[in-house]
Amino acid sequence: MLTLIWVAAAVALIPLALVFAWILGAGLPAVSWDFFTQIPAPLGQSGGGMANALIGTLTLVGLASCVGVPLGILCGVFLSEYAESKLARITRFTLDLLTSVPSIVIGLFIYALLVVPMRGFSAWAGAAALAIIMLPIIGKTTEEVLKLVPDNIREAGLALGISRWRVIMSIVLKGSSGAVATGVILAVARAAGESAPLLFTAFSNQFWPSGLGQPTPSLPVQIYVYAISPYAEWHQLAWAGALVLVSVVFVLNLSTRILMSRSGVVRAR
Amino acid sequence: MSETKTDDKAQAKPAAATPVEPLLVVENLFAYYTAEPSVKNVSLDVRPNEVVALIGPSGCGKSTFIRCINRLHEEIPGTKVQGRVRLAGTDIYGPDVDPVAIRAHVGMVFQKPNPFPSMTIFDNVASGLLLRGGTKRRDVKDIVEDSLKKAALWDEVKDKLSAPGLSLSGGQQQRLCIARTLAVKPKLILMDEPTSALDPISTSRIEELISEMKKFITIMIVTHNMQQASRISDRTGFFLLGDLVEFGPTWQIFNKPKDDRTDQYISGRFG
């Protein structure tokens, strides 16, 4: 039986190892300076890169974070500090549902809500879709983290004559900032890797981004477009894009691990 | 040691009888978690610079009672308080009174030392001042030093004020919590079994500290430890099932209690 458990654990490692090895093997040859600095070459010409998609992804995730991070944290604070209220129960249920909504459905929803009335794909619409994906991840992590803070800490703050709001923000939340940050990073990593919700919202293009109201390229969508194309050179670039994306997500996940282990121990200022 | 202290109390008895304007007056206080009151019709008064001990078996309402004095009881959803509590003449349950403001005048030290996590020793003591606002930055440093001295912790921490509060030992953490409370300059400090989580040496340091602090502050302490009550308090109240059975000078409670139930409890026949 013990052997079986060991085998199961080893089997679980295999897909990740294979994916990594494969992407590394296929993508590394195409990663070049041009990849990070050039926009895609016109059809028929060789060379080119995915600089526009990199900037696009940064823009989309950055915009999404501006809304998703504060909203998610405030949601989590509300769920943890007002856990018993009816609104909190409804919010918690909604966030759970939101986590399980397929991301393409969120894309379609934003398409109907923003893209159609605004008569065009835009970074705004893409960011809105990504923010919706980030919200439940950040909200739930924040709630879990804050629930770990014992009530006698809150009471100590209240007993000093500090208002409940300041106790929550400056003592409870600030004291857990490292752990809350891990939730934020996980959400950012997830959003950076999403392609489905961007297909009908930010769409894509082959040029430098020209404004937040314009179709905006992103790494995952660009990979998709290149991977289904019939050109060998584009396939190469798609692999390179996949390698960059996986590396970014990997680094983000690794940094949450480090943050988690640091925030677990007592931190000096 | 305890002999001489008992003598002090005996001598202090006539002095205590002279009328002093009480700092705290509680009248007909009821406190509820459910329909059944946990504190039933309790009235008592506390004089300035006095140490009042509240004793009684677990779950008899002592802690609930003191949590009504700083209006912390009402922070638990579904709870209710009835009756009057006057602090230095102000009805703290008055219609225009902000509980947040009251709590700056009535400090509290909890059973388990609870320094704020991820705050330094300095920040822990300064937290009340900084998060309440209204204190100048340069004054904060002096108040922190003064509070740590009053809590008999300054000499142990003066070289590591930027170390985490949680890096201290349990007894030191509790004195840190006392310093944190002193920093906002309350008139009265409530202590909810402050030594029950501490070792005997840390306990005796806290007891010494209480006797020192009496010079400039008034203290109401809940304790399970009857020896502790007799060592440090001027007057003692005995709680049983939510009632304040007897309240009087400590020497009297422990030597000549008027109520049979008090007599049975202090002689260890129940509880």
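Predicted model: local features only at pLDDT ≥ 70, side-chain atom pairs only at ≥ 80, totals over all residues.
Is the crossing of helix 3 of chain A and helix 6 of chain A left-handed or right-handed?

Let's start with chain A as a whole. Of the 269 residues of chain A, 43% count as buried. Now think about which parts of the chain meet: among contacts in chain A with a separation of 6 or more, 73% are between residues 24 or more positions apart.

Now back to the opening question. Find helix 3 (residues 51-81) and helix 6 (residues 123-147) of chain A, whose axes come within 6 Å and cross at roughly 30 degrees. The crossing of these two helices of chain A is right-handed. Where helix 3 of chain A touches helix 6 of chain A, the residues divide into 19 nonpolar, nine polar and two charged.

Next, look at where the two chains meet. Here 19 residues of chain A are in contact with 29 residues of chain B. Helix 7 (151-159) and helix 8 (164-175) of chain A each supply at least two residues of the side that touches chain B. Helix 7 of chain A gives the most, with six residues. The side of chain A that touches chain B is made up of nine nonpolar, five polar and five charged residues.

Stay with helix 7 of chain A for a moment. Its buried residues are Arg154(A), Glu155(A), Ala156(A), Gly157(A), Leu158(A) and Ala159(A). What covers these buried residues includes helix 8 of chain A, along with helix 3 (99-105) and strand 6 (106-109) of chain B. After helix 7 of chain A comes Gly161(A), with a positive phi near 85 degrees.

That brings us to backbone angles. Most residues other than glycine have a negative phi. Phe203(A) is not a glycine, yet its phi is positive, about 55 degrees. You will find Phe203(A) in the loop between helix 10 (196-199) and helix 11 (219-227) of chain A. Phe203(A) counts as buried because 21 other C-beta atoms lie within 10 Å, and the cut-off for buried is 20 or more.

Ser118(B) sits in the loop between strand 6 and helix 4 (121-132) of chain B. With 20 other C-beta atoms within 10 Å, Ser118(B) is buried.

Definitions and conventions: Residues numbered from 1 in each chain as written. Chains lettered and ligands numbered in written order. Contact = placed C-beta atoms within 7 Å. Helix = DSSP H or I, 4+ residues; strand = E, 2+ residues; numbered from the N terminus. Nonpolar A, V, L, I, M, F, W, Y, C, P; charged D, E, K, R; others polar. Buried ≥ 20, exposed ≤ 12 C-beta atoms within 10 Å, placed from the backbone. Axes fitted to C-alpha atoms, helices over the stretch in contact; angles between N-to-C directions. Left-handed = near helix turned anticlockwise from the far one by under 90°.
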